[in-house]
Amino acid sequence: MTGSGLKQRVARLRQAYAPHEHRPLGGYLAAMGTYATVTASLVGLVRATGRPVPQRPTAGDVMLLCVATHKLSRLLSKDAITSPLRAPFTRYDRPIGSGEVMEQVRDQGSPTRHAVGELLSCPFCMAVWVATGLTGGLVLAPRLTRLVATALTAVAASDFLQMGYAVAQRAAEGGHHGQ
């Protein structure tokens, strides 16, 4: 098959997949390829260093990584302070509370730029990458990874306590004003 024949097949596939909406399939493919490369590199690094891979992670490590993944994913994808990391791929829309912002993916530019924008502004998408990194860290540098994950878990718990306090404070003020 010639290069132009392949391009025509890919164009038909894109049109058949999403006839009424732009979907950057090439960008998604690049993101998946990057993820596969990063994951394979982690595996290669684990093998090269001879680090033992746990037969089964402990329940404590799983819970620690769950909460740390949640917090780091939100920090990277929604926090106002990390918006400079997303700015080349997203456009600011509005604040959404608790120090977070809503951003829109930039549609101009390459399909890869669009796909990266979606990845960076979506905490659910980002969680896959973060969990992979933290899991690799648990094998390659378990003490440091547990320390970082503990700090992220403490911040996540603090967030929920801050939100709970704010709700309780509003309820108390509302009850006080109603008397």
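Cys-122 is buried, with a relative accessible area of 18%, where buried means under 20%, exposed over 50% and partly exposed in between, using a 1.4 Å probe and protein chains only. This is a predicted model, in which local features need pLDDT of at least 70 and side-chain atom pairs count only at pLDDT 80 or more, while totals for chains, interfaces and linings use all residues. Residues are numbered from 1 along each chain as its sequence is written, and side-chain values use heavy atoms, leaving out hydrogens and water.

**Cysteines**
- Cys-125 counts as partly exposed, at 35% relative accessibility.
- The structure holds zero disulfides, a disulfide being a pair of cysteine sulfur atoms within 2.5 Å.

**Nonpolar core**
- The largest nonpolar core has 11 residues, among them Leu-64, Met-126, Val-130 and Leu-152; such a core is a set of buried Ala, Val, Leu, Ile, Met, Phe, Trp, Tyr and Cys residues joined through side-chain atoms within 4.5 Å.
- At least two residues of this core come from each of α3 (59-78), α5 (111-120), α6 (123-140) and α7, helices being DSSP runs of H or I with at least four residues, numbered from the N terminus.
- The largest share of this core, four residues, is supplied by α6.
- Leu-152, when its neighbours within four places in sequence are left aside, is in contact (heavy atoms within 4.5 Å) with Ala-68, Lys-71, Leu-72 and Leu-75.

**Position of Val-148**
- Val-148 lies in helix α7, which covers residues 142-177.
- With 39% relative accessibility, Val-148 counts as partly exposed.
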